[in-house]
Amino acid sequence: MGREKVILDPSGFRRALESRLCQPLLSEGFPLSDVVLIGIYTRGVYLAHRIQRWIKRRTGMSLPVGEIDINLYRDDFVRRFDLPQVRRTNLPNVTDKGVLLVDDVLFTGRTARAALSAIIDVGRPAFVKMMVLVQRPGREMPICADFVGVEVDPKDRRVYVELKEVDGKDRVVVR
Amino acid sequence: MVWKRKDLVGLKGLSREEIGLILETAASFKEVLFREVKKVPTLRGWTIANLFFEPSTRTRVSFELAGKRLSADMVNVSASSSSVVKGETLLDTAKNLRALVCDIIVLRHSLAGACHLLASRLPDVGVINAGDGMNEHPTQALLDMFTIRERLGTLEGIKVLIVGDILHSRVARSNIWGLTKMGADVSVCGPVSLLPRGIEKVVKVYTDLDEAMKGKDVLMFLRIQRERQEAGLFPSLREYHRLYGLTEERLKRLATKVILMHPGPVNRGVEMVPAGVDGENSVILEQVTNGVAVRMAVLYLVSTVLRR
């Protein structure tokens with residue numbers, strides 16, 4: 001497994017999620033009433049729901065949450081051996097809405113590129129903004145995040161986002 | 001669970017997990033059918049040939065739409081309008097399709113085992129069985145299972161009765177293999193002359209339909225082919241209907257939660273009265289819709305293996 005370095009412990013995780021992803025949404029220039037959250041499977045979906053619940057607690061507004069599976073839009077089929085199962089894409093109406101696209105890690109940008117294609121296939125959003133818990137260097141596409149929880153440079157190692165819903169606790173580690 | 005087959009020859013050789021994966025994948029694909037733009041780019045640049053040596057509208061169109069919804073290019077080859085009438089063998093026709101760079105061949109043939117032959121002789125082409133003689137019709141059974149699962153929530157413990165010409169039916173064979181693996185309780189009912197020998201070792205057998213229908217969740221009626229009557233396997237269509245068809249009287253006795261299925265095309269008034277075909281219990285048209293989602297799933301899974 002190699003050396004493990006904890007980037008965010010549970011309380012750091014919570015601070016990053018709340019103060020760097022959720023809180024800034026309230027002071028952005030767009031009305032949240034015209035915004036939908038779309039999570040990218042698997043962990044982006046859980047994060048999108050967490051952000052939705054936080055906004056609801058704060059403002060009483062209940063934003064629609066969609067889920068997107070980008071497997072059908074991949075550009076790296078040939079190199080993937082362990083193709084995960086295709087999950088159900090379930091998108092709210094995005095036409096003329098602001099879309100907040102949520103994922104756990106932004107790395108090459110290829111997943112975000114695929115997600116954009118998938119969103120554009122079902123409608124014409126007013127804008128799309130990207131929210132990621134972790135941003136790391138290594139972009140292969142001209143894509144950047146609008147809201148970032150934490151930035152890391154793990155060099156050759158991998159970033160793992162662990163979530164209560166899947167892994168039992170909230171943590172970000174580099175291995 | 002990772003899909004590892006480049007072909008879908010039948011359900012007999014599949015594991016419960018593999019069947020489950022196809023059904024789960026199909027559930028994800030069904031959403032695409034109801035989008036405004038009913039298309040995803042997954043198989044863009046792929047070529048799929050529908051090679052049909054027997055007449056078919058529903059299955060051929062269903063595969064064609066499944067391929068098109070995945071952005072593949074589809075070509076249709078039917079035996080009557082191809083070099084088959086000039087004496088070309090099945091394998092030569094298929095090799096020519098490969099030379100034309102077709103990635104997947106969907107085959108329907110009157111000989112059992114035709115699909116297995118192509119699959120084993122063409123190592124770099126995906127082969128999908130769309131019906132081979134009296135052997136199997138796996139995608140039909142998969143769409144039947146998908147429909148049952150969508151309606152009743154599970155296949156485990158569901159009591160399914162298949163009624164009619166079991167002997168000549170590839171739909172029945174595939175359904176018996178598949179449903180049994182998925183934990184359904186399968187039984188069959190039909191005239192003794194239309195039941196295969198030894199079937200009682202695999203499933204429960206009834207010859208009295210009224211007795212058979214008791215307590216069942218799903219009634220699946222099979223198409224009766226008129227040639228079978230000419231061959232003397234049952235006396236008349238009228239008698240067949242009275243003994244093994246869904247009559248008005250049997251329809252009235254049906255509980256509301258029982259679902260009625262038919263692989264089509266229906267002989268109205270023979271296998272089922274029109275009120276049954278069109279009634280509240282019928283899921284016949286849902287089966288048709290689900291067929292596209294299931295075939296998309298199969299094409300997709302096979303393509304993931306061919307890409308490696």
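**View 1. Buried residues of helix 1 of chain B in the predicted model**. Helix 1 of chain B buries I19(B), I22(B), L23(B), T25(B), A26(B), S28(B), F29(B) and V32(B); a residue is buried if 20 or more other C-beta atoms, placed from the backbone, lie within 10 Å of its own. The cover over these buried residues includes helix 2 (58-69), helix 5 (138-152), helix 6 (170-181) and helix 12 (284-306) of chain B. Helices (H or I, at least four residues) and strands (E, at least two) are DSSP runs, numbered from the N terminus. In this predicted model, local features need pLDDT of at least 70, side-chain atom pairs count only at pLDDT 80 or more, and totals for chains, interfaces and linings use all residues. Residues are numbered from 1 along each chain as its sequence is written, while chains are lettered from A and ligands numbered from 1 in the order in which they are written.

**View 2. Bend in helix 1 of chain B**. At A27(B), helix 1 of chain B bends by about 25°, the angle between axes fitted to the seven residues ending there and the seven starting there.

**View 3. Strand 1 of chain B and its partners**. Strand 1 (residues 47-52) of chain B is largely enclosed by the rest of the structure because five of its six residues are buried. Strand 1 runs parallel to strand 2 (residues 73-78) of chain B, joined by six bridges; two strands pair if DSSP finds at least two bridges between them. I48(B) has M74(B) of strand 2 as its bridge partner. Strand 1 also pairs in the parallel sense with strand 3 (residues 104-109) of chain B over five bridges, where A49(B) stands opposite I105(B).

Definitions and conventions. A residue is buried if 20 or more other C-beta atoms lie within 10 Å of its own, exposed if 12 or fewer, and partly exposed in between; C-beta atoms are placed from the backbone. Two residues are in contact if their C-beta atoms, placed from the backbone, lie within 7 Å.
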